[in-house]
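Thanks for coming. I will take a few minutes on one model.

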Amino acid sequence: MAETIGRSGQKADWVRLALSRDAIMIYAVVVAVLFASLRLERFASTLTVGFLLLDLIPVLLIAMPMTLIIITGEIDLSVASIAGLSSAMMGTLWEDGFPIWLVIVVCLAIGLIAGAVNGILIAGLGLQSLAVTIGTLALYRGLALVVIGDNAVASFPAGLTSFTTSKLGNTGIPTVMIGVMVIVIMFAVVLHLTPFGRGLYAIGSAAEAASFVGIDVARVKIKLYVWCGGISALTGIYWTLRFSSARSDNASGLELTVIAAVLLGGVSIFGGKGSITGVVAAVGLIGTITYSLRLERVSDVVLIIVTGTLLIVSVVAPRIFEVISGARHRRKLSTQLAVDRSAITTHTRSTAHRKEE
Amino acid sequence: MSAQEISSTDIEAVLATGSRPTLMTAVKRLLTAREFPVTAALVALVLFTYANNQLFLSRQGVKDLLLNATIVILLAVGQSIVIISRNVDLSIGSILGLTAFATGTLFVNNPDIPIWAVFVIVSLFGALLGALNGLLVTVARVPALVITLGTLYVFRGFNNLWAGPTQYFADDRPDAFGDLSVDTVFGLPIITLGALLVVVIVAGFMGRTRRGRDLYAIGSDPTAALLFGVPVGRRVFLAFAVNGLLAGLAGVLYASRFNSVGATTGNGIELDVVAAAVVGGVAIFGGSGTVVGAAIGAMLLTTITSSLTTLRVDKFWQQAIVGVLILAAIAADRIVKLRAERRLQTSEAHHG
């Protein structure tokens with residue numbers, strides 16, 4: 001560590017910024033987009049932008065609260081089930097003739113409650129989040145089945161579904177992207193610019209120490225799970241409207257994609273490390289690579305190899321760098337130590353000599 | 001070892017030493033065993049269902065229950081070895097898919113291949129995939145959750161690439177192979193007997209051998225285990241390889257038991273398996289629990305579906321009930337731990 005401190009004195013801030021993990025993720029996205037645009041003639045088009053972003057939105061949305069939760073050292077595997085539950089509720093309530101605004105409010109409320117249940121079990125009762133959310137993953141998906149069964153509801157108001165897939169002018173950017181960006185920026189501000197956000201890193205690094213400096217760890221965690229439930233429910237609503245279909249299995253399996261994106265974005269699974277920039281870049285990278293390979297007619301089911309490999313490389317590569325730079329650091333230290341030692345010996349010898357005199 | 005990680009059985013054992021083992025201590029040990037709640041739940045469930053519908057425990061009924069549980073039992077046993085060492089393997093669903101498809105492919109391409117050879121080849125294939133996980137986890141020293149989430153995708157992707165739309169059906173395999181999951185010995189299906197044998201062997205390994213105990217030590221406190229001279233990396237690697245081997249074996253049995261194997265075989269089963277281990281009393285952060293508990297947990301989770309069907313509970317409620325069951329198991333584990341801690345404190349106060 002001494003090395004990094006010593007170096008930061010010599011290196012300009014912009015160099016460090018340009019070599020940071022977030023920056024590397026952004027380069028990767030830029031390279032992927034450029035490469036795809038040059039290689040695939042159909043890639044650089046407004047149609048691509050539209051579909052790419054529409055596909056990204058669910059992962060991007062849930063990745064926000066997931067980033068915060070993983071930074072505190074916890075995890076939430078139930079997000080996709082909450083999205084499924086909210087989708088199922090939406091279908092059933094709409095079919096029962098409730099006004100759409102009420103349906104949406106109720107679905108969001110259910111998401112918040114589902115998140116609160118997670119939070120209370122984890123932070124309130126002190127149970128492990130990995131185990132609890134495997135349980136609620138089954139429970140919420142089960143409730144989705146109870147609510148809607150085998151049905152699929154498709155008769156949502158045409159205005160709303162076409163709004164969901166509508167684009168801003170002829171840019172190809174989906175209109176809902178504005179809302180998504182607002183949410184992303186809100187999470188970025190909360191995480192990086194508020195004391196609450198700094199507290200999350202503290203909790204992830206050392207929960208006990210965080211509570212000693214006055215952070216109410218349990219309350220913070222419950223809050224995060226509530227947000228996560230709300231955003232997951234919102235994603236469920238988006239999913240339902242985008243595909244004009246409310247089904248119990250909507251968004252199933254999404255939790256692992258989200259977690260893969262968050263970890264690829266440089267968030268440490270042990271907590272205490274990560275940034276929104278990195279995660280957004282990771283979501284973009286996965287989206288771009290997946291979409292370009294899809295244009296090349298590589299089947300979706302094979303494409304998951306890319307997601308998996310990226311995830312493994314993203315955690316193994318820094319470790320390899322760490323080991324290499326660690327070895328170099330140790331070598332340097334030992335040479336330094338040898339120099340110091342010889343200096344000390346000459347020094348002591350000369351003092352001893354003086355004493356003799 | 002922190003107080004948290006000492007199971008109540010250990011404490012009972014400590015308290016019981018010195019005094020002669022009486023019937024009371026034996027009963028007490030039984031009641032406080034980690035496997036007790038899950039076993040009691042299973043027995044209660046089976047009896048309750050039986051009381052409502054005698055057909056539940058008919059010859060065929062029992063056979064179905066056991067057949068349904070067999071594959072999950074094998075996977076849960078393997079998974080609990082990994083979880084006990086404070087790791088997790090999310091890629092087993094994908095390993096199951098690859099190995100089940102490999103079984104189908106072997107039979108189609110080599111119609112005359114002996115069945116035992118398929119068992120050996122495919123299990124070793126599973127062990128290889130597990131070893132890859134183990135290698136990544138131990139060499140890169142990256143959390144298993146992340147690595148195996150990655151290999152979950154990679155293995156599944158290769159399965160899709162390899163299988164494409166191809167599916168192999170029971171007709172593609174020799175009758176003798178399919179009969180393994182039809183024929184019974186003393187009313188028990190042959191593949192279930194095989195799985196039980198595996199449970200006994202692995203339980204012996206975990207409970208009685210140096211390597212097995214090392215895994216508990218690693219799960220309780222990896223740093224302490226390392227200081228104590230336990231080769232942590234080698235042991236964790238072994239746990240992953242054995243888990244892969246068992247998943248490979250489960251893949252062969254899957255191909256024997258179910259009609260079709262293809263690109264999506266075993267998709268999503270990983271969370272069920274982790275759930276089975278947790279319900280069976282294996283602590284998710286390692287160090288405690290037994291493979292027998294995990295096997296009973298697997299039995300409980302698969303039996304509940306059949307019971308609910310027998311009891312004519314709406315099938316849509318089944319998954320929700322499984323979710324509640326998992327949560328109850330975690331909460332119960334926590335309560336037992338808290339009680340054990342408190343008892344340990346009082347006993348320490350007495351001795352001190």
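Predicted model: local features only at pLDDT ≥ 70, side-chain atom pairs only at ≥ 80, totals over all residues.

Residues are numbered from 1 along each chain as its sequence is written, chains are lettered from A and ligands numbered from 1 in the order in which they are written, and side-chain values use heavy atoms, with hydrogens and water left out.

Chain A has 15 helices and zero strands; helices (H or I, at least four residues) and strands (E, at least two) are DSSP runs, numbered from the N terminus. Its C-alpha trace spans about 105 × 55 × 30 Å along the principal axes. Of the 357 residues in chain A, 48% are buried. Buried means under 20% relative accessible area, exposed over 50%, and partly exposed in between, with a 1.4 Å probe and protein chains only. Among contacts in chain A with a separation of 6 or more, 78% join residues 24 or more positions apart, a contact being heavy atoms within 4.5 Å.

Now the arginines. A:Arg297, not a glycine, has a positive phi of about 65°. A:Arg297 sits in the loop between helix H14 (276-295) and helix H15 (300-356) of chain A, and is exposed at 72% relative accessibility.

B:Arg86 also has a positive phi, about 60°. Its loop lies between helix H4 (59-84) and helix H5 (92-109) of chain B. B:Arg86 is partly exposed, at 35% relative accessible area.
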